[in-house]
Amino acid sequence: MGRIELKLQMLIKKNKEKVAAPNFPKDVPDGLLRKCRKCKSVVLAKNVKEAGYICPKCGGYFRVHAKRRIEMIGDEGSFESWFEGMKVEDVLEFPGYVEKVEELRNRTGLDEAVTCGELAIEGQSAAVAVMDGRFLMGSMGKIVGEKITRTVERATERNLPVIIFSCSGGARMQEGIVSLMQMAKTSAALKRHHESGNLYISVLTDPTTGGVTASFAMLGDIILAEPKALIGFAGPRVIEQTIGQKLPKGFQRSEYLLEHGFVDRIVERENLKQTLAEILRMHQKSSLSFQEEVKKSPSIKKKDGGLTPWERVQISRKKDRPVAEDYIKKLFSNFYEFHGDRNFGDDPSILGGIALFHGIPVTVIAQAKGHNTKENIYRNFGMPNPEGYRKALRLMKQAEKFHRPIFCIVDTPGAFCGIEAEQRGQGEAIARNLFEMSALKTPVVTLIIGEGGSGGALAMAVSDEVWMMENSVYSILSPEGYASILLKDGKLAEKSANMMKMTSMDLLAMKMVEKVFEEPENYIENTMGRVIEKIDWELIRFIEQSSQWSEEEIVKQRYERFRAM
């Protein structure tokens with residue numbers, strides 16, 4: 001360790017509570033120390049850099065310069081810069097504005113508050129725009145809006161995915177109404193990119209506020225966030241000064257937005273490059289047809305009870321019966337769970353995301369129960385709230401955009417019936433799913449693995465084919481509810497089960513479902529092997545067959561399936 005470094009470390013230790021960044025003692029060389037905004041510790045700048053710009057004391061995140069961000073996520077030497085050298089326009093003739101911009105350009109080496117270009121991430125090409133908070137708090141003026149818009153337009157022309165890293169205080173006040181218009185301009189460009197079927201990933205970093213939040217930052221097909229990032233429209237100070245109310249702890253942080261349904265995933269900085277690369281791979285456009293993709297995948301060899309309805313109902317509810325998560329783990333690889341309905345919250349009773357099925361990207365959406373009481377409480381015993389159905393529909397519409405087949409798993413006693421669910425529009429959410437699923441232009445198949453209760457199940461079963469496990473059930477209501485309403489005695493549930501024709505064999509005979517999978521006598525996670533092989537084979541058959549249908553044929557056949565009932 002050098003003499004200067006040793007002296008610095010002693011100085012840091014001695015003055016830990018006294019030193020206030022950036023006013024370090026005069027004998028400290030510029031750039032050698034950094035102060036953490038979270039824990040207030042003063043640390044060596046090289047230690048911060050080596051840790052990925054994460055505080056070695058508390059794990060808090062430092063803001064990353066645009067060029068460093070590009071180095072951290074991109075393949076070495078792959079970045080090609082776009083749209084540099086644009087001249088600032090002082091539309092308001094704001095005192096000192098042009099001079100301030102020129103001073104920042106000289107000091108930071110940046111052209112503006114955003115750096116744009118094309119980048120490779122583990123070999124996957126993408127158009128990127130990375131905001132830098134050093135330049136007028138990353139505010140969005142005309143040049144920032146123009147660079148982002150041109151980047152999105154070029155990405156649309158070249159069929160490239162777009163990744164935007166937001167770090168901004170919002171619209172640039174020094175440019176007034178012109179700055180405001182950049183919100184509409186960037187959003188319109190992203191709409192065209194969306195309609196062209198290309199992927200947009202938005203990455204929210206600290207801070208993402210104001211007009212940036214209210215435009216391109218929240219429009220991603222997939223929205224990722226760094227931990228504990230400040231994300232909101234009005235900043236905490238503005239809210240407190242306006243309404244005079246103290247904000248709750250953690251308000252407007254990444255974790256708060258994840259809980260309230262506005263973020264898909266929170267990704268640790270050290271995992272961000274790998275996560276972006278995986279998502280890009282799953283959305284890579286192939287020149288091969290789906291049938292050719294299936295032929296490339298590993299070959300699968302096809303392998304070749306006298307219970308009462310009430311007994312099957314009891315089996316469908318068994319605590320050790322495989323749950324949706326077990327099927328997902330055994331049928332798919334590289335499952336990435338996404339969160340939130342972009343409206344109110346994230347419902348853990350709906351588990352959804354993207355995955356690979358023999359190398360083919362698919363969307364998987366499941367009604368999830370738990371393996372134990374703690375998990376069941378977290379999953380609300382598989383009874384979705386409105387935000388669960390809205391999350392499911394959001395993922396279905398995303399699958400439609402990227403032409404991914406959809407695999408739904410149903411296991412619910414019914415939609416959650418509670419005051420809050422009614423207040424948030426439970427009926428409307430279910431109705432909207434039925435409405436939109438009927439015309440999805442991508443193949444949909446549903447597997448009922450346990451209980452299929454009422455409209456809560458149907459909201460994920462308006463599909464091209466519906467399959468059932470042998471001891472699953474599917475009905476208008478639970479046998480207990482049916483007995484209570486029609487037989488005026490809830491204790492007559494067993495009699496109701498016999499009347500309702502709710503077993504898999506009854507429904508197969510009535511042509512309500514297309515396929516029933518036989519179960520071993522003791523059906524638990526450890527005995528799923530042969531069942532999974534059969535489902536796997538049928539899913540290959542379904543995907544290969546449906547890949548030959550046009551979008552019009554998909555919609556027509558699904559309509560005719562239900563029209564015949």
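A charge sits over a ring if NZ of Lys or CZ of Arg is within 6 Å of the ring centre and within 35 degrees of the ring normal. In this predicted model, Arg561 lies over the face of Phe562, at 4.9 Å from the ring centre. Another such contact involves Arg154, whose charged end sits over the ring of Trp82. The table lists both contacts.

| Charged residue | Ring residue | Distance to ring centre |
|---|---|---|
| Arg561 | Phe562 | 4.9 Å |
| Arg154 | Trp82 | 4.7 Å |

The structure holds seven aromatic pairs. One of them joins Phe332 and Phe407: the ring centres are 5.6 Å apart and the planes meet at 55°, so the pair counts as tilted. Phe332 is in the loop between α13 (324-331) and β11 (333-338), while Phe407 belongs to strand β14 (residues 406-412), so the pair ties together parts that are 75 residues apart in sequence.

Phe542 and Trp549 are both buried. These two residues also belong to a cluster: ring pairs link them with Trp467 and Phe517.

Methods
Residues numbered from 1 in each chain as written. Predicted model: local features only at pLDDT ≥ 70, side-chain atom pairs only at ≥ 80, totals over all residues. Heavy atoms only, no water. Phe/Tyr/Trp six-rings, centres within 6.5 Å; stacked < 30°, edge-to-face > 60°. Helix = DSSP H or I, 4+ residues; strand = E, 2+ residues; numbered from the N terminus. Buried < 20%, exposed > 50% of the residue type's maximum accessible area, 1.4 Å probe, protein only.
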